[in-house]
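Notebook open, structure viewer running. I'm jotting down what I look up as I go.

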Amino acid sequence: MSLLVKQTQRELKTRIIDALGRAVANGELPAEPIPDFIIEKPSNSANGDFSANVAMASARAFKKAPRMIAESIVKNLDLSDTLFERAEIAGPGFLNFFLSQQYYTEILKDVAAKGDTYGRSDHGNGKKVIVEFVSANPTGPMHIGNARGGAIGDCLASVLDYAGYNVTREFYVNDAGNQIEKFATSLEVRYLQLYKDGIEMPEDAYHGVDIIEHAKNFAAEYGDKFVEADSAERRKALVDFALPKNIEGLERDLLQYRIKYDRWFRESALHNDGSVMGIIEKLKELGVTYEQDGALWFKASEFGNDKDIVLVRSNGLATYIVPDIAYHYNKLVTRGNDIAVNVLGADHHGYVPRMKAALTALGIDASRLDCVIMQMVNLVRDGETIKLSKRSGKAITLTTLLEEVPIDAARFFFNLREPDSHFDFDLDLAVRETSQNPVYYVQYAHARICSILKKAAGEGVTLRKATDEELNLLCEKEEKELISHLSLLTDEIITAAKEYNPAKITHYVIELAALFHKFYNAQRVMCDNESLMQARLNLCVAAKDTIKNVLTMLKINAPEAM
């Protein structure tokens with residue numbers, strides 16, 4: 001909710017408490033402590049703009065029927081100099097409060113005054129939050145899960161920024177470890193196959209066409225120079241040739257998807273600067289490790305994990321968890337971020353307690369690490385789940401998806417559901433230009449308002465800032481519903497930030513578009529009453545600007561014509 005809504009709610013609570021105080025002073029109610037009570041917006045607007053359960057909550061303390069308590073409150077209630085018009089008692093003692101028309105006027109003035117900053121707040125108090133997302137394996141192209149993770153992570157970072165946090169977007173490049181060894185093996189075999197017969201590709205290697213292309217391009221540049229070279233030298237040359245190209249490709253594809261990272265952090269840096277071995281030594285010094293069967297183990301079960309974890313295998317090689325611990329230590333301690341948020345795939349449920357256990361053992365508050373576990377995506381065409389591209393016969397990647405689906409639709413659709421819910425991405429719907437397509441529906445609302453304003457200007461109407469008296473004319477149900485929804489944006493963003501759920505924002509703007517269409521279909525904007533026309537044009541501008549603010553936050557276009 002906007003600051004105005006919060007102030008209004010706080011003011012109402014104060015007036016209710018004052019009324020109870022007068023009732024006690026008059027002898028109508030006993031002098032007892034006032035229990036906590038709730039003020040909320042009723043689901044049915046017929047029950048007022050706010051309701052309070054104070055009479056019900058106070059019944060036991062005052063030893064009176066809620067209805068009698070409610071009557072005493074209303075009798076002693078002073079709503080003068082507030083934005084409330086009246087209070088009513090409903091049922092056994094619920095109190096319903098109705099706002100004056102000036103309240104709605106103040107909301108529109110607030111939206112207009114804040115302009116493109118409307119919706120922003122200082123809720124996060126500038127806390128440093130690092131959001132790590134996608135972090136796709138650099139040994140191959142990005143798949144559909146990465147496409148969803150990219151949209152969720154980037155929009156979540158924007159939501160946190162709008163909620164007042166100091167946000168950093170980061171991609172963690174896994175350029176060391178087992179997957180790079182497998183990458184080297186795959187490249188080496190494909191390269192040698194160009195010159196020798198009878199060399200088989202291991203079953204667990206990477207069999208993609210991208211590996212074949214890298215090998216061919218390497219051969220085009222170096223010929224057979226590395227065919228008879230030492231394997232270690234050959235593998236290093238192949239990885240040094242292919243990996244940078246893959247990483248460049250990831251960055252290029254993500255930029256096309258409108259994702260720009262503040263930093264690409266390489267795992268290899270943690271090995272090169274001694275951080276990986278340093279973490280092992282820290283855990284040893286803290287006495288939370290032990291040796292068994294020639295391996296070094298972390299006592300993770302003492303810190304909330306279901307079992308202990310191997311840190312260093314009997315062959316002397318560190319397991320994948322060690323650089324990950326070093327990386328999170330770097331984020332939260334070395335770089336001093338207050339919170340680290342990871343957007344992870346559905347197969348990472350067990351990863352979270354392991355990492356939190358390690359942080360706790362290192363003396364770091366594990367609550368500073370928050371993980372968003374993202375569920376799987378199904379691509380649907382003609383009502384059926386698909387796994388292959390009909391054109392190429394290959395698995396659909398981020399780039400092939402964006403060849404078929406507009407970027408606006410992809411980013412919006414991937415944020416239509418909570419991250420922890422499974423999602424069916426309807427490819428047919430994503431390209432459809434109808435009201436059934438949610439992103440088209442929202443963009444059409446913005447374009448429709450632009451068209452209204454353009455038409456008004458074409459008819460010689462000069463749009464101006466409406467006066468309070470003019471804005472007070474917006475008293476129809478559809479107008480009030482639309483204005484009320486405008487007032488909720490700031491709170492929706494804060495809630496989305498708290499819950500790490502950008503879907504709340506797409507839901508908000510879809511409802512905003514629906515309420516605008518409802519208003520426009522019920523009320524004539526270009527009416528004969530000049531004052532009412534200016535008020536309604538100002539309402540249109542407020543709706544347009546709010547839609548644009550939300551779409552801008554989601555990095556989605558707000559077209560002026562469609």
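Predicted model: local features only at pLDDT ≥ 70, side-chain atom pairs only at ≥ 80, totals over all residues.

Is K544 buried or exposed? I looked it up: K544 is buried, because its relative accessible area is 16% and buried means under 20% (exposed is over 50%, partly exposed is in between, with a 1.4 Å probe and protein chains only).

Residues are numbered from 1 along each chain as its sequence is written, and side-chain values use heavy atoms, with hydrogens and water left out.

**Around K544.** I found K544 in helix 21; helices here are DSSP runs of H or I with at least four residues, strands are runs of E with at least two, and both are numbered from the N terminus. Leaving aside neighbours within four places in sequence, K544 is in contact with H446, I449, C450 and L453, where contact means heavy atoms within 4.5 Å. I also checked L416: K544 and L416 are 128 residues apart in sequence and 21 Å apart in space, C-alpha to C-alpha.

Next I traced an open sheet of 5 strands, in the order 7-6-5-11-12, with parallel pairing. Strand 7 (263-266) and strand 12 are the edge strands, each pairing on one side only; two strands pair if DSSP finds at least two bridges between them. Strand 11 (residues 339-345) is joined to strand 12 by 6 bridges, and I saw N342 standing opposite C371 in strand 12.

Where does Q375 sit? I found Q375 in the loop between strand 12 (369-374) and strand 13 (377-381). Q375 is buried too, at a relative accessible area of 15%. Its side chain makes a polar contact of 3.4 Å with the side chain of H422. For a polar contact, a pair of N or O atoms must be within 3.5 Å; within protein, one must be able to donate a hydrogen and the other to accept it, and residues adjacent in sequence count only if both atoms are side-chain atoms.
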